[in-house]
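Biologist: I'm new to this one and would like a tour. Could you show me the model before I start asking?

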Amino acid sequence: MSETEQIIRIAAKGDGITASGRHVRYAAPGDTISADGAITPGPHHATPPCRHFGKCGGCQLQHCDDEALAGFVRDRVVNAAEGQGLVPAKVAAPHMSPPNSRRRASLRAINGGGRAVIGFNEGGSHKVVDMRECHVLRPELMAARDTLAAYFGKLKGKFAIGVELALLDQGIDCLLSGFMPEGLEQTEDLLELCRRSGFARLSLDQGYGPEGFWEPEPVTITLSGTPVACPPGAFLQATDDGEAALAGAAQEWLAGCTNVADLFSGLGTFALALGEGRKVLAAEAERAALLACRTAGAKAGLQLEAAHRDLFRNPLRAEELRGFDGIVLDPPRAGARTQVEQIAASGVERVVYISCNPSSWARDATLLREAGYELAELRPVGQFRWSIHVELASLFVK
Ligand SMILES: C[S@@+](CC[C@H](N)C(=O)[O-])C[C@H]1O[C@@H](n2cnc3c(N)ncnc32)[C@H](O)[C@@H]1O
């Protein structure tokens, strides 16, 4: 190994890598690494904005400037494609979400040293960060965190509470798991907290599914201009601008299609974006989300049919797909191998594959390539700013 080496890129797990393959934590592309591992910052090394960086599991890359972050997101997607022998005809510049734009978060609350600690988990640990600031969350989510910290601070005894926060049309939606107020005083305090802090909804899950505690008016999330009833804990794209980038890709790429299947449709982020002028079939396993999507589509006067279906065990078969001229799919992190096998066999002309995991996407995509599809465009998306989670939109054409 030479005396000093330069970091040439960021690896999938966030380490900087030198040309000789040495991994260095918290090193940015262009940094110089001495033989003893000391980092001399290069032109892309940034000062992390958050005091919790290095401990908090929410961010891994605050030491990288915007150019290095965008490069990481692009490389992660392109390398996943190339690793499976996929050659995109076009790679768009990455879409990067700005600071303080994330509209949902899964935090944990525990008691430590006689007070409540609420935050993301520490990296690679079950410990919780006492999150005094956050540069990724919307300020409304941080304000809700602070309010809950004050409430939980009054609880006696040990606790470990799951805290899911999302920003909906009416304000903060909060789902607490593993907590139930005890007695009249705690219950009234919690109601007062909801009133005073303008929470839109608070639900409690004791292990049997969310139960309503506070919801003065039914909550909605507006997707592509259509308000959709939002069940507690429903999937939402992480940022407004990320949703717009992904939905925009589906709209653009399926513009000429008249009969589209939206698979793993959730609340209808893509089905509703595809909107008027075509038939859309939305298929999804989560019943509450599917019903919300169906009702919203009907109210908006769209030709939207919603099918309740487990697409892992019972994928839409090639024969069922053949009537469509476009498909958009957005499966969970594991990908959708069995469903993609059926899509590959269907020969449907345009397939838009949205993914939150470049590795499972690339493995699935090889099935499309083997069936004669071309990867016409790849759009890397960095909704989880400063983290190693990378998403993408892709267009396959037969
Ligand atoms: C990444 S989310 C995408 C949701 C939606 N497309 C959106 O953008 O808001 C994945 C969706 O797949 C659904 N899902 C998970 N497993 C499924 C299965 N076996 N069959 C059908 N849908 C499933 C989840 O409920 C979730 O709504």
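What follows is a chat about its sheets, helices, core and ligand shell.

Modeller: Before you start, residues count from 1 along each chain as its sequence is written. This is a predicted model, where local features need pLDDT of at least 70 and side-chain atom pairs count only at pLDDT 80 or more, while totals for chains, interfaces and linings use all residues.

Biologist: Let's take the eight-strand sheet: which strands stand at its edges?
Modeller: The eight strands make an open, mixed sheet in the order β6-β20-β21-β19-β18-β15-β16-β17. Strands here are DSSP runs of E with at least two residues, helices are runs of H or I with at least four, and both are numbered from the N terminus; two strands pair if DSSP finds at least two bridges between them. Two of the strands have a single partner each, so one side of each has no neighbour in the sheet: they are β6 (95-96) and β17 (303-308).

Biologist: In β20, which residue is the bridge partner of histidine 95?
Modeller: β6 runs parallel to β20 (residues 374-382), with two bridges joining them. Histidine 95 has its bridge partner in β20, and that's valine 381.

Biologist: And which residue of β21 stands opposite glutamate 374?
Modeller: β20 pairs with β21 too, in the antiparallel sense and over seven bridges. In that pair, the residue of β21 opposite glutamate 374 is valine 397.

Biologist: At about what angle does helix α4 run to β19?
Modeller: Angles run from 0 to 180 degrees between N-to-C directions, with axes fitted to C-alpha atoms, for helices over the stretch in contact. Contact means C-beta atoms, placed from the backbone, within 7 Å. Helix α4 (residues 240-253) lies across β6, β18 (326-329), β19 (350-355), β20 and β21, and its angle to β19 is about 170°.

Biologist: Which residues have the most contacts inside the largest nonpolar core?
Modeller: A nonpolar core joins buried Ala, Val, Leu, Ile, Met, Phe, Trp, Tyr and Cys residues through C-beta atoms within 7 Å. Buried means 20 or more other C-beta atoms within 10 Å of a residue's own, exposed means 12 or fewer, and partly exposed is in between, with C-beta atoms placed from the backbone. The largest core holds 115 residues, and those with the most contacts inside it are Ala250, Cys293, Ile327 and Val352.

Biologist: Which element gives the most to this core?
Modeller: In general, nonpolar side chains tend to be buried together in soluble globular proteins. With seven residues in this core, the element that gives the most is α1.

Biologist: What does alanine 250 touch?
Modeller: Alanine 250 is among the core residues with the most contacts. Leaving out residues up to four places away in sequence, alanine 250 touches Phe270, Ala273, Leu274, Val328 and Val352.

Biologist: Which residues come nearest to the ligand?
Modeller: The shell divides into eleven nonpolar, four polar and four charged residues. Near means a C-beta atom, placed from the backbone, within 6 Å. Of the 19 residues around the ligand, the nearest are Phe264, Gly266, Thr269, Ala285 and Leu311.

Biologist: Is phenylalanine 264 buried or exposed?
Modeller: Phenylalanine 264 sits in the loop between β15 and α5 (269-274), and its phi is positive, near 65°, in a residue other than glycine. It has 22 C-beta neighbours inside 10 Å, so phenylalanine 264 counts as buried.

Biologist: Over to the five-strand sheet: which strands stand at its edges?
Modeller: That open sheet has antiparallel pairing and the order β3-β2-β1-β4-β5. One side of each edge strand lacks a neighbour in the sheet, and these strands are β3 (23-24) and β5 (39-40).

Terms used. Two residues are in contact if their C-beta atoms, placed from the backbone, lie within 7 Å. Ala, Val, Leu, Ile, Met, Phe, Trp, Tyr, Cys and Pro count as nonpolar, Asp, Glu, Lys and Arg as charged, and the others, Gly among them, as polar.
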